[in-house]
Amino acid sequence: MAWPGRGRAGAALALLAAAAMLAGCAGGPPAAPEAPQAPVAGRSPAPESARPAAPGPGAARGAHPVAPGIVSVEYDDPSRFSDARMGPHESDRARRAWVDALCQHLSERAAAALPDGERLAVRITDVQRAGGFEPGRGAQLAQVRIVRDVYPPRIDLEFQRTAADGRVLQSGRRELRDPSFLSRAGRGGSDPMRYEKALLDDWVRQDIGAPSPQ
């Protein structure tokens, strides 16, 4: 597949068909042993930690699961994401856990929104999670992610949408931002990735369409 602006051969669609799976994620370095997560302080009363999301209702149309190969989500090296550069050390395994959770969520929501026969390939190129670290608060809070409106979530991605016959219907790059994310804090309940998933949900609705009725 030819990612926007990267000049890769379009013949890679065949590779996509062979490798893509619903909720499939690819990218980043091999996982390292788990390390403790940074706690999160914000409007949610419970500490937040990265953990994979369970399959959601968007993974099926009616009573039938969505066929494999509809959506492929890849990502660049998470250790180079803005979130890794701006926060304290996090193990590769811990970082991949929350990136994979985002991949799965996006795969499920996009698959539910795509018309039958279409394919979507997404590459996540950067993520900055909601919240920031404030060492000035003292040693005990130096490793705590503080969720405030001055630390909005950000996700950059590239995508290509193709018809059943291989025609490119839509492609481009998107910089997902939501400076008002805290006003929608109720979306996703206590999910530690709710702010980032809300960004992806908004993008799916805007660029792909509303999910099919369940």
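1. R205 and D202 sit together in helix α4, 3 residues apart, about one turn of the helix. Helices here are DSSP runs of H or I with at least four residues, strands are E runs of at least two, and both are numbered from the N terminus. R205 forms a salt bridge with D202, with the closest N and O atoms 2.4 Å apart; a salt bridge is a side-chain nitrogen of Lys or Arg within 4 Å of a carboxyl oxygen of Asp or Glu. R205 is partly exposed at 43% relative accessible area, while D202 is buried at 14%. Buried means under 20% relative accessible area, exposed over 50%, and partly exposed in between (1.4 Å probe, protein chains only).

2. A word on what you are looking at: this is a predicted model, in which local features need pLDDT of at least 70 and side-chain atom pairs count only at pLDDT 80 or more, while totals for chains, interfaces and linings use all residues. Residues are numbered from 1 along each chain as its sequence is written, and side-chain values use heavy atoms, leaving out hydrogens and water.

3. The structure holds 12 salt bridges. One of them joins the side chains of D156 and R177 (2.9 Å, N to O). D156 belongs to strand β9 and R177 to strand β10 (residues 168-177), so this pair ties together parts that are 21 residues apart in sequence.

4. D207 is also worth a look. Its side chain meets that of R174 in a salt bridge (2.7 Å, N to O), a pair that links helix α4 with strand β10 across 33 residues. D207 is buried, at 15%, whereas R174 is partly exposed, at 27%. A polar contact of 2.5 Å also joins the side chains of D207 and W203; the term covers N or O atoms within 3.5 Å, where, within protein, one must be able to donate a hydrogen and the other to accept it, and residues adjacent in sequence count only if both atoms are side-chain atoms.

5. W203 lies in helix α4 and is buried, with a relative accessible area of 1%. Leaving aside neighbours within four places in sequence, W203 is in contact (heavy atoms within 4.5 Å) with residues including L106, L120, V122 and L157.

6. Finally, the largest nonpolar core has 28 residues, and W203 is among those with the most contacts inside it. Such a core is a set of buried Ala, Val, Leu, Ile, Met, Phe, Trp, Tyr and Cys residues joined through side-chain atoms within 4.5 Å. Helix α3 gives the most to this core, with 8 residues.
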